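These are my notebook entries on a structure I went through residue by residue. I kept the entries in the order in which I looked things up.

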Amino acid sequence: MLKLNFTPFPTLSSHRLLLREIVEEDAREIFFLRSDNQVLEFLDRDPAQSMNEALQWIQTIRQGVTNNEYIAWAISLKGDKTLIGTITFWNVKKEHYRSEIGYALHPGNQGKGLMQEAMVTVLDYGFKTMKLHSVEANVNPNNVASIKLLERNNFVREAYHKENYHYNGKFLDSAIYSLITPT
C-alpha cells in the first residue's frame, strides 16, 4: 500500500515557479480562485461566498496534508510569494497507488505555459517520490484548455460518463483522463 509522508512539506520549483505550502496569508487569492466565474466556469461547484470559507478551505487542506491524506501546492512565480494558482493530488487511493490531480490558475496567468510547468513538476514528484502508479483527472468535457493540458502531458481518456454529475439543477457529463507511470 502507498505510504505518504509530507513532513516536511515538499516545496518544489521549476524554471519560473515555486510550488509551496498553502498558508492562511493566501486566503484572499484562494477566495478569488474559489469565487471567480471565469475560474469556476468548468468546475461545476458553487462559488465561495466569504473569506471565512477560503480560510476554512485552507485549514481543511492543511489538515489533510498533515494527516498525509493528500497534498496541495500554492503556485507562485519565483521571487513573488503571491498565490496565482493551486495544484493538488487528492482523492488518493493508497491501496491502488492512484490519485486524482486538480488545478486552478488565475485567469491573468493563463495561456503562458505556467500550468504546464506546474503539472510536469508535480507529476515528476507524484511518480518518483510519492510512488504513484497512476494519476487521473475528472474533467468537464467542455473544458478544452484543460483537456489539451492533460493530453500534452500524455494523459489519455479512459472514460466518458453521461450525465453522472448533478449540479445546479442539471445532469452533466464527465470525462476521465489518466496517466500511468511513465517508463
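I began with glutamate 95, which I found in the loop between S4 and strand S5 (98-105), where strands are DSSP runs (E, at least two residues) and helices are DSSP runs too (H or I, at least four), both numbered from the N terminus. Glutamate 95 is partly exposed, with a relative accessible area of 47%; for this I took buried as under 20% relative accessible area, exposed as over 50% and partly exposed as in between, with a 1.4 Å probe and protein chains only. I also noted that glutamate 95 and leucine 2 are 93 residues apart in sequence, yet 6.3 Å apart in space from C-alpha to C-alpha.

I wrote down the ground rules before going on: this is a predicted model, in which local features need pLDDT of at least 70 and side-chain atom pairs count only at pLDDT 80 or more, while totals for chains, interfaces and linings use all residues. Residues are numbered from 1 along each chain as its sequence is written, and side-chain values use heavy atoms, with hydrogens and water left out.

**Backbone entries**

I looked next for backbone exceptions, bearing in mind that most residues other than glycine have a negative phi, and most peptide bonds are trans. The peptide bond from threonine 7 to proline 8 is cis, with omega near -5°, and proline 8 lies in the segment before strand S1 (12-13). Asparagine 91, in strand S4, has a positive phi of about 50° although it is not a glycine, and I have it down as partly exposed at a relative accessible area of 34%. Glutamate 163 also has a positive phi, near 45°; this residue is found in strand S7 (residues 156-167) and is exposed, with a relative accessible area of 51%.

I then turned to isoleucine 71 in strand S3, which is buried, with a relative accessible area of 0%. Its C-alpha atom is separated by 9.9 Å from that of asparagine 91, 20 residues apart along the chain. Not counting residues up to four places away in sequence, isoleucine 71 touches Phe6, Phe9, Pro10, Val65, Ile87, Thr88, Phe89 and Met130, a contact meaning heavy atoms within 4.5 Å.

Threonine 86, in strand S4, is buried as well, with a relative accessible area of 9%. Residues up to four places away in sequence again being left out, I listed among its contacts Ile22, Ile30, Leu33, Trp57, Trp73, Ile75 and Met115.

**Aromatic pairs**

How many aromatic pairs does a search of the whole structure find? It finds 3, where rings of Phe, Tyr and Trp (its six-membered ring) pair if their centres lie within 6.5 Å, and planes under 30 degrees apart count as stacked, over 60 as edge-to-face and the rest as tilted. Tryptophan 73 lies in strand S3 (residues 71-77) and phenylalanine 89 in strand S4 (residues 83-93), so the pair ties together parts that are 16 residues apart in sequence. Tryptophan 73 and tyrosine 125 form another edge-to-face pair, 5.5 Å centre to centre with 85° between the planes, and this one links strand S3 to helix H4 across 52 residues. Tryptophan 73 and phenylalanine 89 are both buried, and tyrosine 125 is buried too. Phe9, Trp73, Phe89 and Tyr125 form one aromatic cluster.

**Helices H4 and H5**

The contact is made by Met115, Gln116 and Met119 of H4 and Leu149, Leu150 and Arg152 of H5.

Leucine 150, in helix H5, counts as buried at 0% relative accessibility. Leaving aside its neighbours within four places in sequence, I found leucine 150 in contact with Tyr103, Met119, Ala137, Val139, Phe155 and Tyr177.
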